[in-house]
Amino acid sequence: MAAIDDLKALLHKDIQQLEQLGGLLASEKQLLKTSDMAGLEALTREKNHLLNEVRERAKRKIHALVAMGFNPRHGQPSTFIRAAGVEELTQLWNEAENRLKACQRLNQVNGRIIGNLQQRLGRLTEIFRGCADQAKLYGAKGQSTAVSHKTVLASA
């Protein structure tokens, strides 16, 4: 029973911190829209701290699951937890999983915003270089690069 109680406590902490992470990701979206670099730096430090704690707890959750009889080679932890028949544990696991998925969705949105900002910066760079109307080549990942990008703008 101690392993189940440990796992419940770890999941409660996960849910709490994943909720915080969701709030940070929503704030990050606003900071990206306003290009607040100082705010983004502080938020990134806080976000990295939370993520490190979640990662450390993930290791502890695996140890608790193994103590309950889970074998990582025989399936997913969620299947094992559902089969254990402890309703509260199943609900906590599902809640943590849902919060994690919500954070992943928010992070994907922020990633798209960053991608758009990078494209905008690339177009501005092309304008500065004077190659906005020149031919472009496409790389392996679908990104376009002007043929004259081999020209150095400045050097230190």
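This is a predicted model: local features need pLDDT of at least 70, side-chain atom pairs count only at pLDDT 80 or more; totals for chains, interfaces and linings use all residues.
Start with residues 2–34, helix H1, and residues 37–68, helix H2. Their axes lie 9 Å apart and meet at an angle of about 160 degrees. Angles over 145 degrees count as roughly antiparallel, and H1 and H2 are therefore roughly antiparallel to each other. The crossing of these two helices is left-handed. Colour the contact of H1 with H2 by residue class: 19 residues are nonpolar, four are polar and nine are charged.

Next, select helix H3, residues 77–84, together with helix H4, residues 87–129. Here the axes are 8 Å apart, and the packing angle is about 155 degrees. That makes H3 roughly antiparallel to H4. To see the contact, show side chains for Pro 77, Ser 78, Ile 81 and Arg 82 on H3, then Leu 89, Thr 90, Trp 93, Asn 94 and Glu 97 on H4. Sorted by class, this contact of H3 with H4 has four nonpolar, three polar and two charged residues.

Now turn to the largest nonpolar core, which has twelve residues. Select Ile 4, Leu 7, Leu 11, Ile 15, Ala 64, Leu 65, Phe 70, Ile 81, Leu 89, Leu 92, Trp 93 and Ala 96. H1, H2 and H4 are the elements that each give two or more residues to this core. Another core, of eleven residues, lies apart from it; select Leu 24, Leu 25, Leu 43 and Cys 103, which are among its members.

Finally, centre on Ile 4. Which residues does Ile 4 touch, not counting those up to four places away in sequence? They are Met 68, Val 86 and Leu 89.

Notes. Residues are numbered from 1 along each chain as its sequence is written. Side-chain values use heavy atoms; hydrogens and water are left out. Axes are lines fitted to C-alpha atoms, for helices over the stretch in contact, and angles run from 0 to 180 degrees between N-to-C directions. Helices (H or I, at least four residues) and strands (E, at least two) are DSSP runs, numbered from the N terminus. Angles under 35 degrees count as roughly parallel, over 145 as roughly antiparallel, 65 to 115 as roughly perpendicular and the rest as oblique. Contact means heavy atoms within 4.5 Å. Ala, Val, Leu, Ile, Met, Phe, Trp, Tyr, Cys and Pro count as nonpolar, Asp, Glu, Lys and Arg as charged, and the others, Gly among them, as polar. A crossing is left-handed if the near helix is turned anticlockwise from the far one by less than a right angle, and right-handed if clockwise. A nonpolar core is a set of buried Ala, Val, Leu, Ile, Met, Phe, Trp, Tyr and Cys residues joined through side-chain atoms within 4.5 Å. Buried means under 20% relative accessible area, exposed over 50%, partly exposed in between (1.4 Å probe, protein chains only).
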